[in-house]
Number of protein chains: 2
Amino acid sequence: MTPRRAAILAVGSELLTPTKQDTNSLAITEVLNALGIEVAVKAIVGDHRDDLSAHVQMAVSRHPVVMITGGLGPTDDDLTREVVAGVMGRHLSEDPALVEQIRERFTMRRLEMPEANRRQAQVPDGARIIPNIRGTAPGLWIPHDEGVVVLLPGPPSEMRPMLEGPVREWLAVHGSPAHLIRRVLIVAGRTESGVDARVQPLYAPWATAVPAIETTILASGGVIELHLSTVAADLSAGRALLDEKVQALQAALGADAVSVDGRSLVQTVGDLLRTRGLTVTAAESCTGGLLTAMLTDVPGSSAFVDRSAVVYSNEAKAEWLGVPPDLIARHGAVSGPVVRAMATGALAHSPASLAVAITGIAGPGGGSTEKPVGTVWLAVADRQSGRTDAVCCRFPGERTGIRRFAALTALDLLRRHLLGVPWTVDWRLPEVMDA
Amino acid sequence: MTPRRAAILAVGSELLTPTKQDTNSLAITEVLNALGIEVAVKAIVGDHRDDLSAHVQMAVSRHPVVMITGGLGPTDDDLTREVVAGVMGRHLSEDPALVEQIRERFTMRRLEMPEANRRQAQVPDGARIIPNIRGTAPGLWIPHDEGVVVLLPGPPSEMRPMLEGPVREWLAVHGSPAHLIRRVLIVAGRTESGVDARVQPLYAPWATAVPAIETTILASGGVIELHLSTVAADLSAGRALLDEKVQALQAALGADAVSVDGRSLVQTVGDLLRTRGLTVTAAESCTGGLLTAMLTDVPGSSAFVDRSAVVYSNEAKAEWLGVPPDLIARHGAVSGPVVRAMATGALAHSPASLAVAITGIAGPGGGSTEKPVGTVWLAVADRQSGRTDAVCCRFPGERTGIRRFAALTALDLLRRHLLGVPWTVDWRLPEVMDA
């Protein structure tokens, strides 16, 4: 059983610069996968006729579903419509109703339609128009004997409603009986190789079983994702199979498994706090507000976050949280006693049930032999139990990565605290067991 | 004069899921562009022999420089080495010295080399080995009559040192006389179409001049980037031409131009503060620490950031910053009087020279007809002048985007305050001129 396989092309020279990513293809992949269509290849092609023609030709000849975004604008460097019609051997002609619709969009904004926009009303023979509710460039659905080519505009705000509306619907009808099913497990506190060593004996045989299950391990800035996927004729049988495998992995990973339904680490922590009616405050030094920014990015976070202090300097730690200056002088700002005093001080200065404190050396400067860049102390103080736990970690990477690692590990330690499981994370320095 | 054009292929099925981006190609593009090599196409291909073979075939036949990352691991689904050798008609043979090097890496970690890793010592005829200082998979430099194919491992930590070391050097020697030169202007406080309307009359003729200059406008979450590029035989003449054009654009954009050397908005603000010996504190409500996290992401930010308060609840605003509760009761937490009281309260509770305050409705809940989601009040208080300015803005998008927009606009208003220029940003609501 093989599902239909698709190619996604993004058109536009601006997508080939060192700073720009194509994000449309991620949204398209999500819709295709949900319909059981696997993405075989993605390509980004500049506004060059020959390159575009070669890639469209290859995609159409190899894949029954071809999704192309961008290059549908009114100007001369917008080549997609013309090149696709050429490759597919279709004649282009102007659709008078479309011209009127485009003209109307301009009239509504008290503008006259530039002549150039007539190009956007050119439709290849046999194509179906996909209305664009947010712009002038209509999409095109061009069926052929062995599949379909779909053209969508490049701006995500125009592309998304078309993709999630008519395109999804038409692809489903046009669909095959095979379903591609995925599951994602989020794992925290572990290195990628550490996770793999534990779960590889489990998942290795699945790859060659019938039906086969594909497993991929991804490390994404301090959090590991385990992706499982399978292709099944029967949707509910496929789902049941993956659910069973996910449970087996979860059992092997124990408390390191954060979620099995795709919920992120911060969403999981937010849900734990919310369901228990608890609130958290943070005292952040090297992360400079990043942990609280992550927590408050969750919709409805005001249920569990009330306030946080960014205490970057020693004076701020003393004046805002009551950390004794002589403690800092004796142990240094990056130390067990100081991170504990930050956590208990944060509790004393807020009504929160829990406080998380972070102090470390994010670099590039400030490191020493004893405390190199990447050394971060983390603590959680609990008002109810009166307990404060602290650990010292060493994170890899550079400034931005270390800060992100530190904030995510703080979230994970808070999660472990809430679940009452040990803080046995891989980043912890074994020689520095506690303050 | 046309520069060499390159194709970049990333290999790996995990790069074709809805959540994963290929980031290696951005680093590769940067190196290629600096050497005057334009990227014609980027593709991401799964671990499937036929797809990979078709794409390698097309890339090698069309582009003199082909960069391929990933698929060099020791397992059966790592196909790159074999497929490329096949397409190029080269025989693969094991390099005994390489086997020993790989074995040594394992020995150093007190492990025995698995037999599968011998695959990584397979080298096509005529290829040069690119040493991998961080992993077992060596890179391969495979020259042919019309160009070169470069294979690099997928993990960025292994790929980067090879790219930035030997590969950059060998590509430069292998180089053509044409240089691709780029400049980036950062613009803040304006919509993309607003920027385009002002600069399009300037740059439009440049596209058809000799030498031609390509201009691209990119909106990236509240900040606009203007990219200029040209191809020149003489590097310094090309640079002088672009510098002249950048100056013309800068003059047209006035204070909206943040930087002309690629420095980000936050780096520019950090530099302004640092050179004037000023410090800033933030009082953040809806952004929840994001502004301070941005400021402290700049290396050396302790020179201008000392502390910040995340005051999410009304109680936190009152207790930590002294915002009078009756002010909140009368005007609401998202109002001119409250944002001003937050800014002056932040100054009163810190030694900073300047305070920035943000309070708004990030959504998805909490909006009303009068104050819909996206409504954000921003203020800057200045200790020296005793002045506090406030504006109300309306930002587009959803929660994460609105928060990012608000933090970036706060940075831009701080920049405008430091430069003594008006706060005429496009997001400002004209009907709400001040508190």
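Two strands are said to pair when DSSP finds at least two bridges between them. In this predicted model, Ala283(B) stands opposite Ala357(B), a residue of strand S15 of chain B. The two strands involved, S13(B) (residues 280-284) and S15(B) (residues 354-360), pair in the parallel sense over 5 bridges. S13(B) also runs parallel to S14(B), to which 2 bridges join it. One residue taking part there is Glu284(B), whose bridge partner in S14(B) is Val310(B).

Strand S13(B) is mostly covered, with 5 of its 5 residues buried. Val280(B), Ala282(B) and Glu284(B) lie on one side of the strand, Thr281(B) and Ala283(B) lie on the other, and both faces are covered.

Strand S14 of chain A (residues 307-311) is joined to S14(B) by 5 bridges, and the two strands run antiparallel. Within this pairing, Arg307(A) stands opposite Val311(B).

The contact between the chains takes 54 residues from chain A and 56 residues from chain B. On the chain B side, the elements that each supply at least two residues include helix H1 (24-34), helix H2 (49-62), strand S10 (213-220), strand S14 (307-311) and helix H13 (399-419). Strand S2(B) gives the most to this side, with 7 residues. By class, the side of chain B that touches chain A holds 23 nonpolar, 21 polar and 12 charged residues.

How are the two chains related? Chain B is superposed on chain A by a rotation of 180 degrees with 0.2 Å of shift along its axis, at an RMSD of 0.3 Å. That is the relation of a two-fold axis. The same surface serves both copies, as 96% of the contact residues of chain B recur in chain A.

Chain A can now be taken on its own. Its secondary structure comes to 13 helices and 17 strands, and its C-alpha trace spans about 80 × 60 × 40 Å along the principal axes. Of the 435 residues in chain A, 49% are buried. Among the contacts in chain A with a separation of 6 or more, 67% are between residues 24 or more positions apart.

The domain assignment of chain A gives domain 1 (5-173), domain 2 (179-259) and domain 3 (265-419). The C-alpha centres of domain 2 and domain 3 of chain A lie 31 Å apart. Their contact takes 9 residues from domain 2 and 11 residues from domain 3. On the domain 2 side, strand S9 (179-188) and strand S12 (257-259) of chain A are the elements that give two or more residues. That side has 5 nonpolar and 4 polar residues, with no charged residues.

Helix H2(A) (residues 49-62) has 14 residues, which at 1.5 Å a residue should span 20 Å; its end C-alpha atoms are 20 Å apart, so the two values agree. Its buried residues are Asp51(A), Leu52(A), His55(A), Val56(A), Met58(A), Ala59(A) and Val60(A).

The other helix is H5(A) (residues 156-173), where Pro166(A) is found. Is Pro166(A) buried or partly exposed? A residue is buried if 20 or more other C-beta atoms lie within 10 Å of its own, and exposed if 12 or fewer do. Pro166(A) has 17 such atoms within 10 Å, so Pro166(A) is partly exposed. Pro166(A) and Pro131(A) are 35 residues apart in sequence, and their C-alpha atoms are 8.6 Å apart in space.

Methods:
Residues numbered from 1 in each chain as written. Chains lettered and ligands numbered in written order. Predicted model: local features only at pLDDT ≥ 70, side-chain atom pairs only at ≥ 80, totals over all residues. Contact = placed C-beta atoms within 7 Å. Helix = DSSP H or I, 4+ residues; strand = E, 2+ residues; numbered from the N terminus. Nonpolar A, V, L, I, M, F, W, Y, C, P; charged D, E, K, R; others polar. Least-squares fit on C-alpha atoms with pLDDT ≥ 70 in both. Expected span 1.5 Å × (residues − 1). Domains from an automatic or database assignment.
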